[in-house]
Every structure is written in structure tokens, then in C-alpha cells.
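Open the model in your viewer and keep the sequence panel at hand. We will go stop by stop.

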Amino acid sequence: MSRALPKYNKRRVTFIGGAAAVALSGTVIAGFALAGETPDSGAENARTLAGPGTISCPDVTGQLPAVPASAKAEVDSNLAQLNTQIQEANKRLVDTVGQGGPNFVQNAILGPLEDKRVAALNRIETAIGRAAEKPEGLEAFAACQLNAGGGAGAGEAAGGEAGAGAEAGGGAQEGGAGAGEAGNAGAGTISCPDVASQLPAIPASAQAEVDRNLTLLDTQVAEANKRLVDTVGQGGPNFVQNAILGPLEDKRISTVNRIATAIGRTAEKPAGLDSLAACTLTK
């Protein structure tokens, strides 16, 4: 799942402190007993997650250009958040042993983690870009993988929806649609707040980029509704929230952030567009 990206020919910065020590992977402290298996029963179950395994992600710190002093605090904060996201995803991996269908790990853990990382990486790019040349393409380091010990679905593609960003750690909360349902019951459609009507005047130089991202928002909703149809009868009680609504929200956060950044290059940057990211399942 890795994607190539030319390394920056700039001085790399050495970060000091815990925020800079972004781990390549979180450690899962869990035995095979959590999976209901003996240590030598590593055969994967075709329908469920067979064992915890460990999630590992590409290093980001080593790929950054020199970070301006004015951006260092924000960059460090987001690097620390990347580390936290891996830890939460690994915890979710342990907590959901035995749940889901063949693509559960990809849909509800790896994909959600990727989009959360995309959002954090975009914030890092934006922070650096305020005071120096903005690095491009850090999203190439967003995708993570499940190491040996994981079960079915870890390496399986799940279509365009696999990269969606449900809350890796918070997906266990029973809020939102699908919380009380036995998986995807197949009822209703997804509706989201309108973003275009909440935007300020758009500078001419930003119009094309804003329009492109507004179109992407529509595409994301259409894809989520298609996924709702394609997964009828799948998953556990939080499937819709974990694999559809949560992923959609993080994809929308990334998109509205790009809209805000585009406008902010030549006018006052709109704040609070993230509040329009969450969508609901209407029946």
C-alpha cells in the first residue's frame, strides 16, 4: 500500500521531544487468548479477524523539509497525533477480535486510520506552508498495513471506500446511525450539511480549486450511499458508523480543509468548516 514520493532535497529537521518520536508502529500487548486461539492456530478465519497483529505506518518525520520556527509547535502537535492514531488503531484491533466480515480490518481500522493520517498530514503541510514552501504529497505516507498475526481483510482491497476515515479508537462509541442495529440493515440514505452555502466570497484565483473540492464532496456522499447499499446485512452493531459514516466524515474534513486553505491564500481563511463534515443516516 505504500506509494513512492521523491524525497525532498532540503535539510531535514530534527525534532526534539516526545512529539518528534513518531513511532512507525504501535505495540499490541495481547496474546492469542484474545483471539480465542492457541499460539499455533494461526489459520485465518474467512469471515472474522483471527488475531490482533500489529499496525505499522510509514515514518513521516524523516520526510519533512526544514520546519520554520513559527510552525514547529503545530507540526509537533500533529506528529504526536499521528502516533496517537496508530495506538488507537492497534487498540481497536484488539478490541474487535472476532468481529466483522472479510474486509472488516480494512474498512473499519486500516482505512479509517489512513484518512485520519491524511487529515493530520494536510495540517502539517499547511502549517509549514504559512512560512515556507509548502511540502506536497505527504499523503503518500498515510496508508498503513497490518503485520503478521492479523486476520482476514487486512490486505484485501475494499474498493474506493476502503480509504475512508472512521474514528479508529472512537468507533466503539454508540453514537450516530447504526448504533443499535444488527449491522447494516439497509434502510435509509446518507445526508450531509451543505458546504457551498456556508462559504464566504471566493477569490477568483481560488474558484477552480474550491469548485473541484465541492464536486468531490458530492462524489463522497454518492460513494457512501453506494457503500450503504453494497454492504446490506454486513457487520456488527456499529458497522454503519465505523465503515461508512465515520470514514465519510474524515474524507469531508480533508476536503473542506482544502477549500479553506484555497480561499485563505488570497483572502481571509474561513474557520469552522469542519463542523459541516459530519453526516447522518436518514430513514
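This is a predicted model: local features need pLDDT of at least 70, side-chain atom pairs count only at pLDDT 80 or more; totals for chains, interfaces and linings use all residues.

Residues are numbered from 1 along each chain as its sequence is written, and side-chain values use heavy atoms, with hydrogens and water left out.

**Stop 1: K72 and D76.** Select both side chains. They form a salt bridge, 2.7 Å from N to O. K72 and D76 are 4 residues apart in helix α1, so about one helical turn separates them. K72 is partly exposed at 27% relative accessible area, while D76 is buried at 11% (buried is under 20%, exposed over 50%, partly exposed in between; 1.4 Å probe, protein chains only).

**Stop 2: E74 and R130.** Here the closest N and O atoms of the salt bridge are 2.9 Å apart. The pair links distant parts of the chain: E74 sits in helix α1 and R130 in the loop between α2 and β2 (145-146), 56 residues apart. E74 is partly exposed at 31%; R130 is exposed at 54%.

**Stop 3: K91 and D95.** Stay in helix α1, where these two lie 4 residues apart, about one turn. K91 is exposed at 53%, and D95 is partly exposed at 44%.

Conventions: A salt bridge is a side-chain nitrogen of Lys or Arg within 4 Å of a carboxyl oxygen of Asp or Glu.
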